[in-house]
Structure formats: structure tokens, C-alpha cells
Amino acid sequence: MARYVLIKIARLVSLLFVVSLLTFLLVSFSPIDPVRAYIGADMLLISPEQRAAIEAYWGLDQSLVTQYTKWLGSILSGDFGTSLIYRIPVAEVIADRFFSSILLMTMAWICSGVIGLILGSLAAMKKGTWIDRLIRGYCSVLLSTPGFWLGLLLLLTFSVWLGIFPTGLSAPIGVTSDEITFADRIYHAILPAITLSIIGIANVCLHTREKLVEVLMTPYIAQARANGYDGFTLLKRHGIRNMLLPAVSVQFASFGELFGGAILAEQIFSYPGLGQAVVDAGLEGDVPLFLAIVLISTCFVFVGNWIADLLYVLLDPRMRKGRNMS
């Protein structure tokens with residue numbers, strides 16, 4: 001097991017190095033001028049000497065190799081640099097927005113997993129009936145629905161017309177950070193989380209349905225039916241364990257889609273999380289902040305896939321038998 005963990009850590013380090021190098025090169029060759037993004041509208045007021053001084057201060061006058069090695073050395077020492085648009089250390093920007101994004105993604109992840117599992121089980125147990133057709137149709141519609149359109153629709157309905165949820169932000173306006181309660185954060189995250197989870201429900205539901213339908217056609221299920229088991233009792237005793245495997249795998253493997261969806265949801269609802277920060281960093285040329293969030297999102301997706309692999313082994317004895325954990 002120790003060897004397995006060490007190999008996974010080595011793969012994560014290699015992945016982070018490749019991702020950081022490619023991201024650094026792409027940002028360096030992009031048309032965004034970091035000096036212009038930093039100065040903003042006053043760009044025409046600075047002299048060439050002042051611009052050269054700013055470039056020298058940030059090390060932009062050095063070669064790409066030197067810039068990358070210095071940036072990599074700072075990252076290894078725990079210094080992510082200073083954000084150009086927020087004018088504070090990148091670590092403080094990420095720490096301030098990390099909780100909001102994790103809360104949003106956790107709510108959406110749990111909601112999509114639980115509801116998708118229930119709907120998928122119901123569709124499989126009622127295969128061929130109107131309930132099955134209704135659930136499959138619902139999933140098909142969701143999979144073909146653009147996420148931004150769904151978010152705008154929910155925003156107009158529940159925030160603008162009905163006034164049930166706030167139109168944006170992660171906390172009430174005019175309240176200091178010490179006065180914000182956990183219930184306030186949950187309340188502001190509900191609508192973005194619903195937007196983020198609705199499309200995820202379809203994936204889990206369809207995978208669960210297909211696996212449970214396959215399980216229900218096996219001989220031991222026919223034997224269980226002959227012994228008098230049916231309905232929820234049959235599902236509880238013989239179906240749940242077998243159908244959990246694809247559902248869990250899909251849920252943890254969807255961390256990448258979850259982070260990408262969070263970026264969209266945070267933009268629609270003006271929710272100040274990491275997703276909104278990475279968009280601002282990309283548009284305004286905040287390279288230190290952009291690179292730091294890219295590395296964090298890479299770790300996030302890698303850990304999700306890693307947990308899926310571990311749970312696959314734990315839930316399926318066939319995966320443990322004769323498997324080398326490498």
C-alpha cells in the first residue's frame with residue numbers, strides 16, 4: 001500500500017510539473033500584457049522608462065526559463081506571489097475564496113449523487129413503465145441543456161420574480177465578515193448549487209439505471225425473486241452494493257466537470273469563489289493568481305480520480321483479488 005501511495009504522489013508531482021510548465025508557456029505567449037493589465041486606464045500616462053522599471057521589478061525582462069525557475073522555486077517555498085488585480089498575496093486571495101467554492105461544490109456534489117442514485121434506482125426497478133420513460137426523458141433533456149441557460153432561468157424565476165433566493169454574492173450586503181453566519185453562506189449557495197447539480201444528476205442517474213438493470217437480469221436475482229424478494233427489499237439485499245460501483249466512480253470522476261461547472265455558476269450568480277477569481281485572472285492577465293488556481297484545480301481533479309480508484313477496489317472484491325496495487 002505504501003508503494004501504491006508513493007507512486008500516486010509521484011504521478012501527481014509529475015502532472016503538476018507538466019501542467020504548470022504548459023500553463024506558464026501558454027500564458028507567456030498569450031496576447032495579454034501584464035503591465036497593461038496592472039496599470040489599466042493609466043497606461044498612456046506612464047513613460048517607457050517607468051514601464052521598463054515595472055517589468056524589471058516583476059522580472060518580466062528576464063528570459064522565460066529564468067522566470068519559470070524563479071516562479072517554481074517560489075511555489076516550492078510556499079510563496080505563490082502577489083496578485084496583480086487584488087494587490088495582495090495570492091495565498092490570501094485563494095484562502096478567502098476557497099471556502100465559498102468548496103461549500104458550493106460540496107452541496108452540488110452531494111445533491112447530484114443522492115438524487116441521481118434514487119432516480120436511477122427507481123427507473124431500473126420500474127423499467128419499461130411510464131416512470132422509467134419519464135426519468136430517462138428528464139435526463140436526456142438535462143444533458144442537452146446548456147448550463148448557463150439553466151442558471152439564468154433559475155436566477156430569473158427564483159431570485160427576480162419570486163424573490164426566494166438572493167440574486168448573487170456569497171453573503172448578505174452590508175454585513176461584516178464577523179457577522180456572516182454559516183446559514184447565510186448556505187442560503188446564498190443554494191441556487192448556484194442547484195444549477196451545478198441538476199446536470200450532474202443525469203449522469204449518475206443513467207449510469208445507475210444501466211448497472212441496476214444489468215444486475216436485475218442476473219440469475220441470482222431471479223433466484224431471489226423466486227424466494228419472494230421484491231421491490232425495495234430486493235434492491236436493498238441484492239442491488240445496492242452492485243449498483244454503487246458505477247455511481248461512485250462517476251461521482252468522483254466528475255470532479256473536473258464539477259470545477260468547470262462551478263466557474264460557470266459563479267459567473268452567472270456573481271458568486272465570489274475560485275471560479276470567478278480564475279476568470280478575472282485570465283481576462284486581466286493576473287499570471288500568479290491564474291497559475292496558482294490552475295495547480296489547485298489540478299490537485300482537486302487528481303484527488304477525485306484517486307478516491308474513485310480506491311473506492312472501486314474497496315467496493316468490488318474482484319478488483320482486490322490478484323491485483324497488484326501499482
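Is Ser270 buried, partly exposed or exposed? Ser270 comes out partly exposed, at a relative accessible area of 37% (buried is under 20%, exposed over 50%, partly exposed in between, with a 1.4 Å probe and protein chains only).

Before the points, some ground rules. This is a predicted model, in which local features need pLDDT of at least 70, side-chain atom pairs count only at pLDDT 80 or more, and totals for chains, interfaces and linings use all residues. Residues are numbered from 1 along each chain as its sequence is written, and side-chain values use heavy atoms, with hydrogens and water left out.

1. Overall layout. The protein chain has 14 helices and zero strands (DSSP runs numbered from the N terminus: H or I of at least four residues for helices, E of at least two for strands). Its C-alpha atoms fill a box of roughly 85 × 55 × 35 Å along the principal axes. Of the 326 residues, 37% are buried. Among contacts with a separation of 6 or more, 75% join residues 24 or more positions apart (a contact is heavy atoms within 4.5 Å).

2. Back to Ser270. This residue sits in the loop between α11 and α12, and its phi is positive, about 50°, although it is not a glycine. For context, most residues other than glycine have a negative phi. Within α12, the buried residues include Leu274, Gln276, Val278 and Ala281.

3. The salt bridges. A search of the whole structure finds three (the criterion is a side-chain nitrogen of Lys or Arg within 4 Å of a carboxyl oxygen of Asp or Glu). They link Asp132, Arg136, Arg209 and Glu210 in a network. Asp132 and Arg136 meet at 3.3 Å, N to O; both lie in helix α6 (residues 130–143), four residues apart, about one turn of the helix. Arg209 bridges to Asp132 with the closest N and O atoms 2.8 Å apart, and this pair links distant parts of the chain, Arg209 being in helix α8 and Asp132 in helix α6, 77 residues apart. Glu210 bridges to Arg209 at 2.7 Å between the closest N and O atoms.

4. Asp132 is buried, with a relative accessible area of 1%, and Arg209 is buried at 8%. Arg136 counts as partly exposed at 33%, and Glu210 is partly exposed at 49%.

5. The nonpolar cores. The largest has 26 residues, and Ile94, Met105, Leu196, Leu289 and Ile293 touch the most other members (a core is a set of buried Ala, Val, Leu, Ile, Met, Phe, Trp, Tyr and Cys residues joined through side-chain atoms within 4.5 Å). Two or more residues come from each of α5 (90–125), α8, α10 (231–253), α11 (255–268), α12 (274–283) and α13 (287–315), and α5 gives the most, with seven. Leaving out residues up to four places away in sequence, Leu196 touches Leu104, Met105, Ala108, Leu258, Gly261 and Ala262. A second, separate core of 14 residues includes Leu155, Leu191, Ala202 and Cys205.

6. Aromatic pairs. There are eight in the structure (rings of Phe, Tyr and Trp, the last by its six-membered ring, with centres within 6.5 Å; planes under 30 degrees apart are stacked, over 60 edge-to-face, and the rest tilted). Tyr68 and Trp71 make a tilted pair, 5.9 Å centre to centre with 35° between the planes. Both lie in helix α4 (residues 64–76), three residues apart, and both are buried. Phe165 and Tyr187 are also tilted, because their centres are 6.0 Å apart and their planes at 40°. Phe165 is in the loop between α7 and α8 (182–216) and Tyr187 in helix α8, so the pair ties together parts 22 residues apart in sequence. Ring pairs also link Phe17, Phe24, Tyr68 and Trp71 into a cluster.

7. A nonpolar patch on the surface. Phe148, Trp149, Leu152, Leu153 and Leu264 form it, with about 480 Å² of accessible area together (members have over 30% relative accessible area and no salt bridge; like charges are joined within 9 Å, nonpolar side chains of Val, Leu, Ile, Met, Phe, Trp and Tyr within 5 Å; areas are Shrake-Rupley with a 1.4 Å probe, and for residues only the protein chains shown count as cover). Helix α7 (residues 147–161) supplies the largest share, four residues. Leu152, one of the patch members, is partly exposed at 41%.
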